[in-house]
Amino acid sequence: MATFRLQGSRVLAVTLTGDAVKAKNGSMVAYDGEMSFKKMTGGGEGLRGMVTRRLTGEQMEVMEVRGQGTCWFADRATEINLVQLHGDKLYVEASNLLCTDASLRTGTTFTGLRGSSSGNGLFTTTVEGSGQAALLSDGPAVVLRVTPQYPLCVDPGAYVAHQGNLQQHFQSGVTFRTFVGEGGGEAFQIRFEGDGLVYVQPSERRTIGGDL
């Protein structure tokens with residue numbers, strides 16, 4: 001299996017020993033040894049994946065990197081966060097996914113109104129299996145724990161990913177900007193309930209729900 005390690009917080013080094021990883025197309029910044037690069041169809045999910053992603057709007061351009069040596073990946077100097085999966089499933093916006101072990105399965109799933117609030121459609125990308133995934137965030141991501149006793153409300157513009165046995169609900173709410181009169185429209189939140197982890201970034205994307 002490939003070995004993932006961070007060099008600083010914005011460059012991912014992946015050591016390969018004849019195996020492969022799937023990475024965001026164009027994210028390779030350097031490599032040594034013998035490497036091959038192959039663009040993959042439908043986010044690495046073949047023709048069916050290509051059709052599904054076009055229908056859902058959850059686009060993901062992926063390349064397979066295979067060989068012997070080390071390959072370095074980065075994307076617009078954004079922060080990189082490593083996630084270890086042990087047979088579980090990670091839900092992540094396609095734009096926030098940098099690299100995964102080739103053994104991890106990716107797909108799309110319906111997420112309801114949360115997807116609509118972030119302007120990325122009603123679907124999100126799933127990563128499932130055992131191995132490592134590298135996520136992108138605008139600033140260092142914070143991992144927040146959700147328990148049955150302590151649900152969590154997240155600004156859609158700050159959401160990056162989540163994993164575990166979580167249910168999510170889309171609800172209207174208020175923010176500090178609403179109180180000071182700087183909101184550009186109705187404010188929305190994602191409410192997570194259950195048991196799991198939520199990854200948020202210290203920066204907010206522009207969303208169709210207004211300035212949150």
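User: Which residue stands opposite L97 in β8?

Analyst: This is a predicted model. To read pairing, find the partner across the bridge, then look at the direction of the two strands. Here L97 faces L135 of β8. The strands are β6 and β8, paired in the antiparallel sense over 3 bridges.

User: How many bridges join β5 to β8?

Analyst: There are 13, and β5 (residues 79–92) runs antiparallel to β8. Within β8, A133 is the residue opposite V83. Strand β7, residues 105–110, is also antiparallel to β8, with 6 bridges. There, T126 of β8 sits opposite G107.

User: Is β8 mostly covered or mostly open?

Analyst: Count the buried residues along the strand. For β8, 12 of 15 residues are buried, so the cut-off matters: buried means under 20% relative accessible area. In a regular strand, side chains alternate between the two faces of the sheet.

User: Take T124. Why does T124 count as buried?

Analyst: Because its relative accessibility is 0%. T124 belongs to β8, residues 123–137. A polar atom of the T124 side chain lies 3.0 Å from the backbone oxygen of V92.

User: Now cores. Which residues touch the most other members of the largest nonpolar core?

Analyst: Look for the members with the most partners. The largest core has 17 residues, and L12, V14, V21, V65, F73, L98 and C99 touch the most other members. At least two residues come from each of β2 (11–24), β4 (62–73), β6 (97–101) and β8. The top contributor is β2, with 5 residues.

User: What is V21 in contact with, beyond its neighbours within four places in sequence?

Analyst: Its contacts include V14, L16, V65, F73 and C99. Among the others are A2, F4, E64 and D101. A second, separate core holds 15 residues, including V62, V127, L135 and V160. L135 is also the residue opposite L97.

User: How many aromatic pairs does a search of the whole structure find?

Analyst: It finds 2. To read one, take the centre distance and the angle between the planes. Y159 and F192 are stacked, at 6.0 Å centre to centre and 15 degrees between the planes.

User: Which parts does that pair tie together?

Analyst: Y159 is in β11 (residues 159–173) and F192 is in β12 (residues 187–200), so the pair links parts 33 residues apart in sequence.

Technical notes:
Residues are numbered from 1 along each chain as its sequence is written. This is a predicted model: local features need pLDDT of at least 70, side-chain atom pairs count only at pLDDT 80 or more; totals for chains, interfaces and linings use all residues. Side-chain values use heavy atoms; hydrogens and water are left out. Helices (H or I, at least four residues) and strands (E, at least two) are DSSP runs, numbered from the N terminus. Buried means under 20% relative accessible area, exposed over 50%, partly exposed in between (1.4 Å probe, protein chains only). A polar contact is a pair of N or O atoms within 3.5 Å; within protein, one must be able to donate a hydrogen and the other to accept it, and residues adjacent in sequence count only if both atoms are side-chain atoms. A nonpolar core is a set of buried Ala, Val, Leu, Ile, Met, Phe, Trp, Tyr and Cys residues joined through side-chain atoms within 4.5 Å. Contact means heavy atoms within 4.5 Å. Two strands pair if DSSP finds at least two bridges between them. Rings of Phe, Tyr and Trp (its six-membered ring) pair if their centres lie within 6.5 Å; planes under 30 degrees apart count as stacked, over 60 as edge-to-face and the rest as tilted.
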